[in-house]
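Please examine the structure shown here before reading on. The paragraphs that follow are an explanation for a reader who is new to it.

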Number of protein chains: 4
Amino acid sequence: MNSTLERFGRRIRLGVIGGGPGSFIGPVHRAAARLADRYEVVAGVLSSDPAKSRRCGIEVGFAPDRAYRDAAAFFAGERGRADRVDAVAIMTPNDSHYALCCAAIAAGMDIICDKPLTTSLTDAMDLQRRVEESGIVFCHTFNYTGYPLVRQARAMVRDGELGEIRLVQVEYVYGNSAEIVEGETEDPPRHWHYRHESMGSSLILLDIGSHAHHMVRFVTGREFESVSADVARIVPGRKSDDHASLLFRMEGGAHGVMWITQSAAGSVNGLQFRVFGARGGLIWRQETPNQLHHLRHRQPEQIFERNGPGLKPEAVRACHVAMGHPEGYQEAFSTLYDDAAEAIVSRRLGESPRFPLSEMPTVADGVRTLQFVEAALASARDGRWARCGSPD
Amino acid sequence: MNSTLERFGRRIRLGVIGGGPGSFIGPVHRAAARLADRYEVVAGVLSSDPAKSRRCGIEVGFAPDRAYRDAAAFFAGERGRADRVDAVAIMTPNDSHYALCCAAIAAGMDIICDKPLTTSLTDAMDLQRRVEESGIVFCHTFNYTGYPLVRQARAMVRDGELGEIRLVQVEYVYGNSAEIVEGETEDPPRHWHYRHESMGSSLILLDIGSHAHHMVRFVTGREFESVSADVARIVPGRKSDDHASLLFRMEGGAHGVMWITQSAAGSVNGLQFRVFGARGGLIWRQETPNQLHHLRHRQPEQIFERNGPGLKPEAVRACHVAMGHPEGYQEAFSTLYDDAAEAIVSRRLGESPRFPLSEMPTVADGVRTLQFVEAALASARDGRWARCGSPD
Amino acid sequence: MNSTLERFGRRIRLGVIGGGPGSFIGPVHRAAARLADRYEVVAGVLSSDPAKSRRCGIEVGFAPDRAYRDAAAFFAGERGRADRVDAVAIMTPNDSHYALCCAAIAAGMDIICDKPLTTSLTDAMDLQRRVEESGIVFCHTFNYTGYPLVRQARAMVRDGELGEIRLVQVEYVYGNSAEIVEGETEDPPRHWHYRHESMGSSLILLDIGSHAHHMVRFVTGREFESVSADVARIVPGRKSDDHASLLFRMEGGAHGVMWITQSAAGSVNGLQFRVFGARGGLIWRQETPNQLHHLRHRQPEQIFERNGPGLKPEAVRACHVAMGHPEGYQEAFSTLYDDAAEAIVSRRLGESPRFPLSEMPTVADGVRTLQFVEAALASARDGRWARCGSPD
Amino acid sequence: MNSTLERFGRRIRLGVIGGGPGSFIGPVHRAAARLADRYEVVAGVLSSDPAKSRRCGIEVGFAPDRAYRDAAAFFAGERGRADRVDAVAIMTPNDSHYALCCAAIAAGMDIICDKPLTTSLTDAMDLQRRVEESGIVFCHTFNYTGYPLVRQARAMVRDGELGEIRLVQVEYVYGNSAEIVEGETEDPPRHWHYRHESMGSSLILLDIGSHAHHMVRFVTGREFESVSADVARIVPGRKSDDHASLLFRMEGGAHGVMWITQSAAGSVNGLQFRVFGARGGLIWRQETPNQLHHLRHRQPEQIFERNGPGLKPEAVRACHVAMGHPEGYQEAFSTLYDDAAEAIVSRRLGESPRFPLSEMPTVADGVRTLQFVEAALASARDGRWARCGSPD
């Protein structure tokens with residue numbers, strides 16, 4: 001039943017850096033690990049305030065000596081233990097990812113790391129090199145790819161069920177930042193999300209744009225070639241970008257359009273993609289993730305249900321409960337933790353993974369994000385199309 | 001009850017040019033006129049083939065001497081009659097609109113004319129001048145503006161219910177041309193829709209792009225300032241554009257994105273707009289036109305029903321039947337005929353219209369379309385943003 | 001194109017009785033006749049107040065001598081004319097249908113009559129006999145059967161695409177009478193809808209229950225065998241029924257459940273049916289009438305679009321415009337007018353109709369309604385199942 | 001953060017009985033416990049086959065001496081341990097619940113038990129008495145009440161936001177048993193779901209009917225008074241009921257209708273309720289559980305989003321992640337585990353719970369189910385209305 005227990009003899013020991021009190025993503029990571037049932041979360045750093053970090057670590061159940069005050073103490077402490085963590089999950093401000101990942105690699109820990117990879121393309125490429133040289137597992141949490149019907153879409157495109165891909169539309173229309181919040185315009189702003197140095201070049205592109213960009217690559221299996229972008233601050237007084245609209249062209253000739261914003265007042269969490277080929281199209285919406293709409297040329301539309309008829313093996317594998325019993329955000333997140341666990345256990349045992357891991361986003365995907373963001377910002381600045389560089 | 005009968009003493013006599021056998025739009029125009037119940041369709045030209053035109057005219061019920069062989073005969077014949085038509089509805093290939101409208105103006109007939117206005121901006125501006133000098137009524141059938149909830153959206157924006165407008169998304173995703181059809185690649189193609197000389201510069205922009213463009217202007221009450229466009233032929237072998245994606249900026253600072261295509265395989269007739277201001281947003285979809293979604297910042301979404309609670313007077317006026325009894329395409333089209341009838345009767349009686357006619361699209365809107373198309377094509381050609389000229 | 005003009009040499013001359021100022025259904029009947037384009041509405045009685053009837057008749061465009069003061073004058077006047085009406089549409093209070101239909105039969109006029117047929121089963125059966133003996137056309141306006149996708153559902157069931165029918169659910173959940181309205185509790189109430197003598201035995205069953213009952217028979221092609229009913233007045237102070245819930249069993253063994261109310265506060269016009277057989281099910285909702293959901297055992301759900309792929313000929317015939325251009329209530333109503341026109345023209349020419357008329361509801365369907373209502377009321381009174389009599 | 005750790009000093013030790021290999025509900029219970037993060041699942045009996053039970057227990061991670069061969073061994077083994085389980089979760093065939101609960105009470109363990117409570121009303125009432133006398137916590141997993149928007153609906157009804165409740169509709173339309181499965185018609189059938197002695201009197205009523213019945217009581221806060229039922233086997237050859245439709249009346253005068261089936265071919269897991277009062281109604285559908293539709297008399301419909309604006313405290317408390325990040329079945333299940341944990345910790349500490357526990361379904365709710373089923377079966381047998389007894 002639980003292949004980690006069976007093969008590895010125990011659950012994977014996981015440390016976490018980031019995601020303390022008030023964090024949205026910290027509890028999600030820990031819940032995803034629990035849902036996957038292949039990890040024990042045993043150690044971590046839960047705040048940039050050392051005292052708070054220790055207190056919170058104890059509150060979430062770490063042994064007192066594994067509720068660390070900071071990342072340096074974490075790496076030092078864990079390296080010295082026989083029962084040290086196998087892997088570390090990193091969910092800190094964007095500008096700290098690079099250094100923490102380097103430290104984890106040095107410590108031989110497998111990595112689960114939030115997006116974006118880094119705040120500069122140079123760092124991203126350096127990190128990719130280090131990961132590849134070390135051979136560690138790197139799971140990059142483009143979590144929306146964990147939804148079963150997103151994996152179904154990818155498999156259908158790959159298997160040619162839509163015909164040659166011609167058109168892509170992706171959007172991430174979010175409403176939560178439709179007004180200036182307290183502390184946002186202070187210098188520096190209270191929340192790291194609004195600090196340029198923490199976020200890197202562009203809040204909107206690195207934060208939700210990275211999800212939209214990866215989703216298109218994931219589903220189509222194709223790379224971006226060039227982009228024409230409009231990047232803007234639409235809430236008066238805001239100092240970071242909160243809107244971007246982009247035209248793009250892809251390898252193989254598909255044309256695309258992307259719309260992302262955090263300031264569409266009244267919107268919820270509207271990530272959606274549509275992809276059309278010669279024979280039909282697919283529509284998936286994150287807010288109703290248990291259905292995938294399959295438009296068919298000269299045939300009635302059909303709707304795939306999660307864990308229902310017509311699903312590909314990789315979609316079925318990502319399902320947690322029976323058809324009709326909705327799954328959501330945490331289950332999708334947990335599927336990435338399951339992928340990572342399979343990769344970690346297999347690497348450490350020197351065995352082949354028991355299922356293909358090609359869906360698991362990794363460091364190379366993070367590099368692609370940075371290339372895309374760089375191209376989009378260049379385009380927006382120059383009012384011209386810009387090419388999305390390739391990593392070699 | 002029927003204000004045309006009451007005020008004008010009879011129904012408006014209408015002639016039609018175009019829309020014969022096999023036409024989609026011809027029966028729609030005539031049904032819209034019947035639904036409005038303020039017209040008698042009494043004369044016309046129903047085919048470019050003279051014999052067929054005569055036969056079809058008789059088949060739809062014209063008196064034999066008013067089933068004309070061609071447009072010249074129509075204008076000559078009607079000018080000579082005491083009971084001549086008051087107005088003419090024009091639904092011929094795009095490149096004939098200009099000459100037919102000029103002839104109608106010369107004959108003193110009020111005009112109901114399909115979009116696009118003409119195939120060149122020069123002709124469009126000349127036509128606008130002639131219409132304005134003659135004082136005739138010119139109703140330009142951007143028919144989707146006849147939907148009651150589109151009028152509700154416009155009124156809500158105008159009344160500030162969304163706050164200052166920041167974001168606009170509009171799309172017209174259509175699937176019917178996802179493959180090459182018989183005769184399309186002949187030279188000239190069998191159907192005028194695929195002929196460059198008939199359609200003007202760009203099939204996609206003039207045909208459905210014009211609807212998307214006008215819809216944005218209609219709902220926001222603002223003009224386009226500049227546009228960045230990608231215009232393409234995505235079906236292999238096609239000789240006319242069938243896809244365009246556009247970024248745009250509007251007067252007052254709103255940012256927009258537009259996606260239009262006739263070749264999204266499996267799609268139906270997906271015209272949709274979303275508009276967001278500081279306080280909320282609106283979503284309307286042509287395929288479910290009886291609902292308008294009102295997203296509200298920090299309040300639950302609400303849904304306006306056609307002819308239901310919370311509607312503005314201009315939306316209520318455009319309703320034909322009670323809430324919950326769906327209306328559709330023909331009713332919306334008929335609302336434009338109702339607008340036009342009010343304008344025609346009022347002009348001929350020298351009276352004020354009994355309701356405001358600011359929603360009726362007119363020749364000036366057609367000129368704006370041509371300016372937009374010209375800017376979009378320039379942008380697509382140059383890979384740069386282009387300004388949308390203003391008519392003066 | 002217009003087969004009535006072609007075959008009959010002219011449009012059918014139609015008189016109307018009922019549907020004057022303030023009426024919902026009067027304008028709908030007249031619009032449906034105009035949409036069908038096979039009728040001229042030339043004469044009628046538009047109010048029970050003779051002066052008002054004359055004035056309104058002129059207002060809607062009748063010649064002054066055909067704007068009659070009452071039904072007696074209408075029948076007398078029309079019988080005396082060479083150009084007398086071919087058919088009469090009756091939309092008066094329920095308790096007048098019987099006498100008006102008898103008069104129309106005596107005058108040799110074909111009949112289009114609103115539901116319910118009569119207010120007593122005895123009258124209904126007598127009327128059926130008279131209609132059958134006279135041979136006139138009787139179109140009974142169960143208008144929701146005019147929707148193309150309702151006809152698609154019927155054809156799919158008939159062709160065995162769901163397998164043997166096992167389950168039926170139908171509901172008509174309406175919100176408009178969720179509170180007592182002015183004049184409702186006067187004695188007699190101001191609006192005939194609330195008068196027992198006008199409505200017959202049960203407002204809820206005869207008014208919207210009749211639609212629900214006929215819809216089930218229409219779609220399944222099977223008769224009701226027995227029923228267990230709860231009939232109630234849920235708005236305090238109301239003197240007529242406004243809620244009924246019913247269990248039923250059908251010929252062939254299917255089990256059903258029906259829920260109808262006019263007092264579900266906040267509801268719109270929620271007529272919906274679901275029918276399930278061994279291999280799948282169908283769901284149709286009047287508020288989104290352009291889609292039919294086809295649930296399939298061990299296959300993904302598919303959605304039929306009006307005038308789209310996979311439609312049966314009888315569904316296509318009921319479509320007015322292209323797929324994706326929504327149709328609604330008036331178009332569905334107009335399809336019954338088209339059916340009636342085909343029946344009328346064919347009968348008068350002694351020819352076969354050019355398409356099958358088995359979908360047109362007729363007097364026999366009206367008798368079934370009365371039998372069903374009688375059984376339901378008996379069941380509600382006795383707290384037991386009751387059999388729905390058959391007309392033998 | 002984790003109030004169990006903080007207050008109780010450790011997580012609650014949980015044993016499980018049932019839910020081994022091939023079970024749907026076993027993994028759900030264990031995932032719900034992990035999600036709630038207040039339990040350690042440390043011991044259990046995972047199969048009725050002793051060897052399999054031991055093997056599976058070890059596979060899911062129990063210490064070998066706590067992977068018990070059967071329930072007797074479980075109770076004996078745990079009673080002898082200092083670190084014995086605080087609570088036991090029971091998910092075995094229906095006819096074993098009574099004895100297992102009695103054993104747990106005798107062992108002083110708190111209980112989390114699947115529905116239905118027992119297979120006879122006598123046993124159910126006896127069990128209620130024992131639970132009450134012992135003072136243990138009894139959480140009865142009517143898991144659909146864990147959805148945040150179901151709790152919102154309950155709170156809105158309680159706070160009078162719909163006005164006096166008049167109408168209730170509930171349905172559970174499931175498709176999975178639309179055909180006879182392998183082994184179903186053997187004697188005894190292979191799966192306990194189809195065995196009369198395991199299921200009790202009526203598969204359909206005890207299995208999904210119990211959810212529908214409890215949902216109505218939960219949301220309205222009112223009891224059933226009487227019921228008229230049609231209970232049937234619609235799949236040919238089936239020996240257990242797979243369809244029931246019911247009319248019912250509630251305390252306070254509301255009228256209701258219920259439709260439940262496991263054999264609606266092509267359906268998924270369609271639990272839905274609608275409740276209407278004088279001022280409006282609510283609609284919730286299990287398949288899209290993150291929205292609650294609020295119909296309002298003479299105002300536009302509004303839609304509540306999980307964790308969004310307008311939610312009551314008890315609904316917010318049941319939310320796990322931010323608005324727009326969907327939650328599903330497992331999260332709802334986990335909310336009951338969180339309720340139970342609060343009850344267990346508070347009881348053992350002799351403290352008040354930190355939040356009200358009135359939403360947690362308990363043994364008394366299980367008794368109500370059995371009373372309802374008894375009344376429904378009597379009604380179906382007699383063809384008459386039957387009263388739902390009250391527990392005293």
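Predicted model: local features only at pLDDT ≥ 70, side-chain atom pairs only at ≥ 80, totals over all residues.

Residues are numbered from 1 along each chain as its sequence is written, and chains are lettered from A and ligands numbered from 1 in the order in which they are written.

Chain A is assigned domain 1 (3–143) and domain 2 (148–321 + 362–387), the bounds coming from an automatic or database domain assignment. Between the C-alpha centres of these two domains of chain A there are 26 Å. Contact joins 18 residues of domain 1 of chain A to 20 residues of domain 2 of chain A; two residues are in contact if their C-beta atoms, placed from the backbone, lie within 7 Å. On the side of domain 1 of chain A that touches domain 2, α6 (121–134) and β5 (138–140) of chain A are the elements giving two or more residues. Such helices (H or I, at least four residues) and strands (E, at least two) are DSSP runs, numbered from the N terminus. The largest share of this side, six residues, belongs to α6(A). By class, the side of domain 1 of chain A holds eleven nonpolar, five polar and two charged residues. Here Ala, Val, Leu, Ile, Met, Phe, Trp, Tyr, Cys and Pro count as nonpolar, Asp, Glu, Lys and Arg as charged, and the others, Gly among them, as polar.

Chains A and B also meet, with 33 residues of chain A in contact with 33 residues of chain B. On the side of chain A that touches chain B, the elements supplying at least two residues each include β6 (165–174), β7 (224–232) and β12 (291–296) of chain A.

Within chain B, the axes of helix α2 (residues 25–36) and helix α11 (residues 329–349) come within 8 Å and cross at roughly 65 degrees. Axes are lines fitted to C-alpha atoms, for helices over the stretch in contact, and angles run from 0 to 180 degrees between N-to-C directions. Residues meeting there include B:Val28 and B:Leu35 in α2(B), and B:Phe333 and B:Tyr337 in α11(B). The residues of this contact of α2(B) with α11(B) are nine nonpolar, two polar and two charged.
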